[in-house]
Amino acid sequence: LSLSDSLHIAVLASILSLIIYWIIRDRYRVRNLNGKHVFITGCDTGLGNSLAKWLDKRGFCVIAACATEKGSQELQCCSSLSLKTVILNLADSDSIARAVVFVTEQTAGKGLFGLVSNAEGTAPVGPTDWLRIEDFHSVLDVSLLGLIEITLKLLPLLKKAEGRVVNLMNAKGLMAFVGGGYSLSKWGMEAFSDTLRIEMRHFGVKVSIVEHGFFKAEQVNSDIIEKYLFKLWNRLTPEIRDSYGEKYLVEYIKAQRSSVKRLCDYDTSKVIKCMEHALIAKYPRTRYRAGWDAKFFWLFLSYGPSCLSDMLLRITLPAPAESRRPVHGALMSV
């Protein structure tokens, strides 16, 4: 064999060895998980609710944070006695403080093994000149600042148990395709998670991000967004409303429904498995991507040329009545 052939074989062998090593390393699990405490936010419905039930069956001591008494009671009715619930409003520092006291009491000096941050404060979103500063606050106070605050206050318990932080976020937030605080909150949590991971590894705390696509469990959020769009439209000044035209709102909602229909995945277990792995793996991954759109569509668009995502949005979303650009119509329809 020539020197060049030997180098190629050595490189290929090294790559193959690294892949095999990663696969084997990825399969290692933490032992003695029974009785370890995991705190999960956003457990009224959706992915947080499903994860709380799943981990409860696996023997974890789950502390589920719900926004309402109804959500708390419904979750307790279909769970074991070891699952505890607490009411949490992430936009309220006093509510966060009470939740932290509750978690501290429940862990009883053992520390907190897992913190799963799940908050989808999506609405209101819409064209930027439809919004006011309080519309940004209503999303950021929950989905960014609230999650950061509760994480900071639980860090002493996480460091004591050498635990895990798992931040759940929708991958569509990686691309700013609509105005409002939604994408801002996702980019903010990405940055916060990365700095937290680097700093907390010195104390044995591992931090992971689970970026998921659009799942059926989020249909409620889509309905809420539509309701807010009508509210935003009704409060616009006549000048702004005329600049967009009555047809714009109808076409905007149609484009949104069509996008949801095309991207929606019904198997939420893909997300649950990622979150579970981040909690029980000895060497959890830095990032997980659940759902085909998270792995390919949103990831590709977020790293691809801006002209590509701009073109996609131009052919997907309607143009205002007073648009200065040529209008070819929305490509997607219901």
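The model is predicted, so to speak of local features we need pLDDT of at least 70, and side-chain atom pairs count only at pLDDT 80 or more, while totals for chains, interfaces and linings use all residues. Residues are numbered from 1 along each chain as its sequence is written, and side-chain values use heavy atoms, with hydrogens and water left out.

**Stop 1: the annotated span**

Select residues 6-24, which an unreviewed UniProt entry annotates as "transmembrane region". UniProt positions follow the numbering used here, feature names are shortened, and such annotations may be inferred rather than shown by experiment. In the model this span is 100% helix and 0% strand, and its end C-alpha atoms lie 27 Å apart. Helices (H or I, at least four residues) and strands (E, at least two) are DSSP runs, numbered from the N terminus.

**Stop 2: the largest nonpolar core**

Next, show Phe39, Leu88, Leu112, Trp130, Ile150, Leu154 and Leu158; of the 48 residues in the largest nonpolar core, these touch the most other members. A nonpolar core is a set of buried Ala, Val, Leu, Ile, Met, Phe, Trp, Tyr and Cys residues joined through side-chain atoms within 4.5 Å. Buried means under 20% relative accessible area, exposed over 50%, and partly exposed in between (1.4 Å probe, protein chains only). Which helix gives the most to this core? Colour H5 to see the answer: it supplies 10 residues.

Now centre on Leu158. Setting aside residues up to four places away in sequence, Leu158 touches Leu112, Phe113, Gly114, Leu115, Gly163, Arg164, Val165 and Val205; contact here means heavy atoms within 4.5 Å. A second, separate core has 29 residues, including Ile40, Leu55, Cys66 and Phe215.

**Stop 3: Ile63**

Select Ile63 in strand E2. Is Ile63 buried or exposed? Its relative accessible area is 1%, so Ile63 is buried. Beyond its neighbours within four places in sequence, Ile63 has contacts that include His37, Val38, Phe39, Ile40 and Lys84. If you draw a distance from Ile63 to Val101, 38 residues apart along the chain, the C-alpha atoms are separated by 12 Å.

**Stop 4: a cavity**

A search of the whole structure finds one cavity of 30 Å³ or more, and the largest cavity has a volume of about 50 Å³. On a 1 Å grid over the protein atoms alone, a cavity is a set of points where a 1.4 Å probe fits but cannot get out, and lining residues have an atom within 4 Å of a point. Grid points are joined across faces, edges and corners, and the volume is the space filled by probe spheres set on the points.

To display the lining, select Ser117, Ala119, Leu147, Asn167, Leu168, Met169, Lys186 and Met189. Strand E5 (164-170) gives the largest share, three residues.

**Stop 5: two positive phi angles**

Go to Ala108, in the loop between H4 and strand E4 (114-118). Ala108 has a positive phi of about 50° although it is not a glycine, and at 57% relative accessibility it counts as exposed. Then jump to Glu162 in the loop between H5 and E5: this residue also has a positive phi of about 50° without being a glycine, and its relative accessibility of 51% makes it exposed.

**Stop 6: Glu276**

Finish in helix H10 (residues 269-280), where Glu276 sits. Glu276 is buried, with a relative accessible area of 10%. Show Trp54 and Arg58 too: Glu276 touches both, not counting residues up to four places away in sequence.

Terms used:
1 Å grid on protein atoms, 1.4 Å probe; cavity = no way out; pocket = protein on both sides within 12 Å on 5 of 7 lines; lining within 4 Å.
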